[in-house]
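This report is a guide to reading the model shown below. It begins with the terms behind the element names, goes on to each chain in turn, and ends with some individual residues.

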Amino acid sequence: MTSDKGQMTKDHPPFLAHQFDTPEQQFRAGKLGMWLFLCTEILMFSGLFCAYAVYRHNHPEVFVRAAEFLNWKLGALNTVVLICSSLTMAWAVHSAHCNQQRRLKVMLGLTLFLAFGFLGVKAIEYHDKWKHHLLPGVRFKPELDHAASSTGVSPVPPAGETSGDRQPISKLPEIGVSPRWPAQPRKDGEGQAAQKAGPWNGPAPGKVPEGLAEFAPRHAPGPAKLPSYTHIFFGIYFVMTGLHGLHVLAGMVVICWLLSRARRGDFSSAYYAPVDLVGLYWHFVDIVWIYLFPLLYLVR
Amino acid sequence: MASNTPAPLPAGGSGMGEERRPGSYAQAAPAESYLSSPVGLRSWLLTLDHKRIALLYMLTVMAAFAVGGAMAMVIRAYLLVPKKDMGGADAYNQFFTLHGTIMIFLFVIPGMPGIFGNFVLPLMLGAKDLAFPRLNLLSWYLYVAGSLLAVLSIAVGGVDTGWTFYTPYSTTTAMTGVVPMVLGAFIIGMSSILTGVNFIATIHMLRPPQMTWFKMPLFLWAIYATSLIQVLATPVLGITLLLLTVERVFGIGIFDSRLGGDPVLFQHFFWFYSHPAVYIMILPAMGVISELISVFSRKHIFGYHFIAYSSVAIALVGFLVWGHHMFTSGQSKFLGMLFSLLSFAVAIPSAVKTFNWLATLYKGSIGLQTPMCYALSFIFNFGIGGLTGLFLATLPVDIHCHDTYFVVAHFHYVIMGGTVFALLGALHYWWPKMFGRMYDEFWGRIAFFIVFVGFNLTFFPQFILGTKGVPRRTYNYLPEYRFYHTESSIGAFLLGTGLCIVAVYLLHSLFRGRRAPANPWGAATLEWQCPSPPPTHNFERPPPVGDPYDFSGLEYDRASGGFVMKAAENRATDEHR
């Protein structure tokens, strides 16, 4: 076995850390460590999937309606982009394994490029949400006439549905703190009124509890009505895709580091563990998106 | 080169044979060890040596203990006498929040794994270091960063939610310290996860070939089970704290019922981590006790396999019982019954351990050195704490005792009477190995006695207060409970005094303590096969692996003041060459 460095001895190659006896042991330990770390990541995302399950079970109509605001074509594009980046990453690992230095660098670069594309598409989507005030929680103020959706048509409630508990959400009740940090102190009296309503299931159909007058249906011709609590969907959407996006970003940083090490000639068929382990991480990031996409975009 | 007169000051590299000459061990200069070389602050702050990282953890964890302990003293000062005036409630709430958060996230959870896991684990495996030394250093830095951020919360507005951060109060309170404290805990959680990954990989990969799973010391089984929990449970805390932060900052409404959210969901998420977290706190402690009981009875541990399996059983079943913190939260009765049943089940492995320890003591040759004092009192304290946990797991009893002082007494008996006592035992047990010095046994026992009496005086009356219905987290109380509260406060001050005495004589031993031999206690685990303190690379060559609880191969050597391998002095000196 030879390497670019040329000073590898059979007994103690330069990349072998002193606590390990053989390179194989080091590689296997690294793999175990990375898989354990990925387990922790799965558990972290599973908290969010659990929240998704709870709220979708409690408010199924919210999810169906709100998902219409998401452009499934862009989501599908992102899915393809990320799967391709997984392909190029796996190819990069294979190249390192086969000692193909140039191909390794090209594949790492392509992976970076595709990841950048993914984030770009996400940025377009987020910008669209921002423009139409489809933001989580108290900032949720949908302007439905201009909302972009895949069909280009404003979501309209299906025929036959009464307006029951569906009222336009023009303004959510003021919670005790404005959604900024540092928080503003609660104003007297407001908290009380809002708390009395205690809506675990939303306001009763046709009846507006006191203190929630702003929820009463307006008589002016308004845009199509959305179910109350539609903002929940967007809260979940932003937290899930946001956390995933942060992981993509972190992965890109690490791949840049790999690229710089590859350019230095650190990797060879004898030592390519970092590439392999980062590849594992990248595949995990891809898998999370593959779950996110149908759960968020393909709700029907 | 060994000279005939012992060098008066540590000269470094002066030869390691001197400490074994008759009568000379008290004066001998130490050889180079991980403490003495390399020198300089940078070499400590950028170290990759697991032993140095363990000491870094010790410094910061003990500092956290001191701060959390100070908060406790403030709390007990508040409660010394009932007050006529009604002032000071807000400040009191901040004190108990700080006390809880600091003690749990900055002291107990990182403490045992960070200090003793780091120091002892590679040594017990005969290895040179952990599997991922750089990750280890990162873990420490994350711990420090998270701790600083959490403590910064005092300066930016304070937190008075209690360490449990229940919604909707924590998401709507005007106290602005919530976000830094919660994010600080999040970062410490990352430290915990990386430590767990490191330990699991090390135990899987760096065991010597002859050390099969069931030849490992029980402390390693305990650390392994702890790391499993750290890896599986802490991420859920992470996402919970993130969601709390996002809820506060962006108001997404996930825990706010007015926005369609569910505050009780927070409790489910929170306790899904925080219950396994208490097993992170107790499992390493139990591992230490297994070691101490066996060594200081000079007897093989009884029921090795049972103790090993019970560690893993506690880790796994511990994930299924979180609802026992929520019996009064409005969850369904059926769920309550299920959690109650499972909580009874999780007590069984702990009982298995306790009986095995008692069986080990039976007909053993018991020595009451300071570590053993702490170990024996652990069994007493943990017995009380664990059994009162069963009372709380009983649904109707919990309806009465939930959020009273009974709960406070219960968890202090298991965490303080259990884990902290075990930590003190471990500190005294491994002190000679870590620093090459023996502490003063007389003061050790005096301080132990004060700590033991103080601790029980503090918390036993709280059981009584709880059964009488006195609620927790209140800054004042009715005059009829004055006797118990005053007794409790006096006990707390006594406990604090005892702990201060411990700190004093331990620090004193660093400068004036008798130099320690390699194996002062006559233990058979591998960390005693290297010098005290060890050199940076731990072992010259991997030590021979045998039964970690077979003491028949050791005998006391008067010359060195410690134990050596029988009839094989050559084998012992191999490591010293």
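Helices here are DSSP runs of type H or I with at least four residues, strands are DSSP runs of type E with at least two, and both are numbered from the N terminus. By that naming, B:Gln369 lies in the loop between helix H10 (333-361) and helix H11 (370-393) of chain B. The model is a predicted one.

**The two chains**

Chain B has 16 helices and four strands. Its radius of gyration is 24 Å, close to the 25 Å that the globule rule gives for 577 residues, so chain B is as compact as a globular protein of that length. Taken along the principal axes, the C-alpha atoms of chain B fill a box of roughly 80 × 45 × 45 Å. Of the 577 residues in chain B, 57% are buried, and among the contacts in this chain with a separation of 6 or more, 81% are between residues 24 or more positions apart.

Chain A, by contrast, has seven helices and zero strands, so that its elements, read from the N terminus on, run α-α-α-α-α-α-α. Buried residues make up 34% of the 300 residues of chain A, while residues 24 or more positions apart account for 75% of the contacts in chain A with a separation of 6 or more.

Within chain A, helix H2 (residues 60-67) has A:Val62, A:Phe63, A:Arg65 and A:Ala66 as its buried residues. These buried residues of H2(A) pack against H1 and helix H6 (230-263) of chain A.

Two packed helix pairs are described here, one within chain B and one between the chains.

Helix H8 (residues 263-297) of chain B packs with helix H13 (residues 405-435) of chain B at an angle of about 50 degrees, and their axes are 9 Å apart. The two helices H8(B) and H13(B) are therefore oblique to each other, and H8(B) passes H13(B) in a left-handed crossing. On the side of H8(B), the residues that meet H13(B) are B:Met281, B:Ile282, B:Ala285, B:Val288, B:Ile289 and B:Leu292, and their counterparts in H13(B) include B:Val414, B:Ile415, B:Gly418, B:Ala422 and B:Tyr429. Sorted by type, the residues of this contact of H8(B) with H13(B) come to 12 nonpolar, three polar and no charged.

The other pair joins the two chains: helix H1 (residues 23-58) of chain A and helix H6 (residues 178-205) of chain B pack at an angle of about 145 degrees, with their axes 9 Å apart. The crossing of H1(A) and H6(B) is right-handed. From H1(A), residues including A:Gln25, A:Arg28, A:Leu32, A:Leu36 and A:Phe37 take part, and they meet residues of H6(B) among which are B:Ile193, B:Val197, B:Ile200 and B:His204. The contact of H1(A) with H6(B) is made up of nine nonpolar residues, four polar and one charged.

**Backbone features in the loops of chain B**

B:Phe165 counts as buried because 21 C-beta neighbours are inside 10 Å.

B:Pro533 lies in the loop between strand E2 (514-515) and strand E3 (554-557) of chain B, and the loop between E2 and E3 also holds B:Asn538. With 26 C-beta neighbours inside 10 Å, B:Asn538 counts as buried.

Leaving aside neighbours within four places in sequence, B:Gln369 is in contact with B:Phe296 and B:Glu441. B:Gln369 and B:Arg445 are 76 residues apart in sequence, and their C-alpha atoms are 7.6 Å apart in space.

Definitions and conventions: Residues numbered from 1 in each chain as written. Chains lettered and ligands numbered in written order. Predicted model: local features only at pLDDT ≥ 70, side-chain atom pairs only at ≥ 80, totals over all residues. Rg over C-alpha atoms; globule rule 2.2 N^0.38 Å. Buried ≥ 20, exposed ≤ 12 C-beta atoms within 10 Å, placed from the backbone. Contact = placed C-beta atoms within 7 Å. Axes fitted to C-alpha atoms, helices over the stretch in contact; angles between N-to-C directions. Parallel < 35°, antiparallel > 145°, perpendicular 65-115°, else oblique. Left-handed = near helix turned anticlockwise from the far one by under 90°. Nonpolar A, V, L, I, M, F, W, Y, C, P; charged D, E, K, R; others polar.
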